[in-house]
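Please open the structure in your viewer and keep the sequence panel beside it. The stops below go from whole chains to single residues.

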Amino acid sequence: MPVYNLYMGCSVPANYPNYEAAMIKVAEVYDIQLEYMEGVACCGSPNLRAIDYLGWLTVNARTLAIAEKNGHDIVTPCNGCFGSLKDVYHFLKHDADYKKQVNATLKKEGLEFKGTITPRHFVEILYTDIGIEELKKKITKPLDGVGIAIHYGCHLLRPVDVTEFRPEYLNELIEVTGASVVEYPLWKQCCGATVLPVDENLGIRLARDKLKSMKESGAEFVTVVCPACGNQLDLQQLGLKESYGEEYGLPVLLYPQILGLALGMDEDEIGLGMNRVPADPIIDHLTG
Amino acid sequence: MAETEEPAGPPATLIDPIEMSKLDSKFREEIHSMPNAEELSACFACSTCTAACPIANIWEYKPHQLIRMILLGMRDEVLSSNEIWLCLTCFQCQERCPQKVRVTDIFFDCKNLAAKEGKVPPNIVGLGKELLEKGQLYTVTADWEREDMGLEPDVPGLAVDPVKDILKETQTGKLVDGGE
């Protein structure tokens, strides 16, 4: 049974307990042991990186150093945390001066960043450590005939020399559930979450472009693997209805919810009631 | 590309002449010495970064122009620009650069320099304050939702003090205190 340090960050536990619970339930099915990390908090997000590079390095190096103590890789369900941890890991492995500076601070807590464990996204361990063949064996309710548009999220995919994640991983993770992947022109485009504090309208417009592109390409559902992207594509649909009079009606599910459905979990177990755009069509489809 | 209005005014190629005496010749070295900026001078201004950027059409200074401005030494213009803060950090520019210039990373360097001079949008300072005071950007308020999902009401293992302690001593502390 593979064991991982579970790093939740701040957004998933506060805003997406359904994501957290669905991830844990899916992990149980595949004997993935996720152990909540002790003594950690927020990764700081790209906002901290923008104003305080050293602080951002130190906070994330500290999280990595805590995980190094028990030797298990870190797993996170959030693209923001994944991007921060991966980038810091990658940077400090190659920059001796900053590493020294960061470790001087961590020493006060008896910690040291060595670079011996790897930060990983939950969907990446499903793909790499469990594997498509093993995932397939437990599927009992395939989502046949469901067209899903994937929003990967920028910090899962790029920069690829840092994230080492390929979009095909998530495509295959969708296809193993029996659903089909709907291609759409703006698949690479940002959801707009990062720019919200500086220009809210721009952030909303980016989400709108994205939803339009998905809808026009025939998507029935959307999957995301990040709370910030989730907010932009799910919650913003309510705002778009109000401000533009546009109704997209695209239920947005976190990936473990999709896999959970295919594993035969019911809607309460994966917290579908907490998704903002009602997910009824997917339930009707599966029960119909 | 995002659907946006066309900016008014002349096309970006018709720009005012650059005031040579105002250039800061050390700016390129300053950026060059910062994290992930080693390839800065490899830029040959092909503007692939601009073609990749989903919001460059609303930027007065396009991504390739900002890189060129850094190389020329237009320090004030770059560090006072809105563009560096509007950057989505989507890394599309960086990913496509044929010269391996880490464009998005370099904009992060610019933001860090701007932050040292206190040139930060108020909402971003607000997020810094949040991190400094709470150790996180989001705090659990609806713990019943967590309990409904069979989760602990409080996030297991959460410890905010170490984060606050680190950021007190770094640029976040200076920026937030200086702004009060």
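**Chain A as a whole**

Select chain A, in which 59% of the 288 residues count as buried; a residue is called buried if 20 or more other C-beta atoms, placed from the backbone, lie within 10 Å of its own, exposed if 12 or fewer, and partly exposed in between. This is a predicted model, in which local features need pLDDT of at least 70 and side-chain atom pairs count only at pLDDT 80 or more, while totals for chains, interfaces and linings use all residues. Residues are numbered from 1 along each chain as its sequence is written, and chains are lettered from A and ligands numbered from 1 in the order in which they are written.

The C-alpha trace of chain A spans about 60 × 45 × 30 Å along its principal axes. Its radius of gyration is 19 Å, in agreement with the value near 19 Å for a compact globule of 288 residues; the radius is taken over C-alpha atoms, and the globule rule is 2.2 Å times the number of residues to the power 0.38.

**The two domains of chain A**

Next, colour residues 3-122 as domain 1 and residues 139-287 as domain 2 of chain A, bounds that come from an automatic or database domain assignment. The C-alpha centres of these two domains of chain A lie 24 Å apart. Across their boundary, 23 residues of domain 1 of chain A are in contact with 24 residues of domain 2 of chain A, contact being defined as C-beta atoms, placed from the backbone, that lie within 7 Å. On the domain 1 side, the elements that give two or more residues are H1, H2 and helix H5 (79-94) of chain A, and H2(A) gives the most, with nine residues.

**The core and A:Ile148**

Where do nonpolar side chains tend to be found in soluble globular proteins? They tend to be buried together. Here the largest nonpolar core has 152 residues, and those with the most contacts inside it are A:Leu64, A:Ile148 and A:Val222; such a core is a set of buried Ala, Val, Leu, Ile, Met, Phe, Trp, Tyr and Cys residues joined through C-beta atoms within 7 Å. Helix H4 (residues 53-70) of chain A gives the most to this core, with nine residues. Centre the view on A:Ile148, which touches, among others, A:Ile174, A:Val182, A:Phe221 and A:Val222, when residues up to four places away in sequence are not counted.

**Helix H12 of chain A**

Now select residues 200-216, helix H12 of chain A, whose 17 residues reach 24 Å from the first C-alpha to the last, close to the 24 Å expected at 1.5 Å a residue; the expected span is 1.5 Å times one less than the number of residues. Buried residues of H12(A) include A:Arg205, A:Leu206, A:Asp209 and A:Met214. The buried residues of this helix pack against strand E5 (147-150), strand E7 (221-224) and helix H13 (227-244) of chain A. H12(A) is followed by A:Gly218, whose phi is positive, near 95°.

**A cis peptide bond**

Go to A:Pro159, in the loop between helix H9 (154-157) and helix H10 (160-163) of chain A. The peptide bond that joins A:Arg158 to A:Pro159 is cis, with omega near -10°.

**Where chain A meets chain B**

Show both chains: 53 residues of chain A are in contact with 51 residues of chain B. On the chain A side, the elements that give two or more residues are helix H1 (11-15), helix H2 (17-29), helix H3 (45-51), H4 and H12 of chain A. H3(A) gives the most to this side, with seven residues.

**Chain B**

Finally, select chain B, which has 11 helices and zero strands. A compact globule of 180 residues would have a radius of gyration near 16 Å, but chain B has 20 Å. Of its 180 residues, 42% count as buried. Chain B is divided into domain 1 (20-116) and domain 2 (122-178), and the C-alpha centres of these domains of chain B lie 30 Å apart.

Two loop residues close the tour. B:Asn36, between helix H1 (27-32) and helix H2 (48-52) of chain B, has a positive phi of about 65° although it is not a glycine. B:Asn36 counts as buried because it has 23 C-beta neighbours inside 10 Å. B:Phe91 lies in the loop between helix H5 (83-86) and helix H6 (92-96) of chain B, and its phi is also positive, near 65°.

Technical notes:
Helices (H or I, at least four residues) and strands (E, at least two) are DSSP runs, numbered from the N terminus. Two residues are in contact if their C-beta atoms, placed from the backbone, lie within 7 Å.
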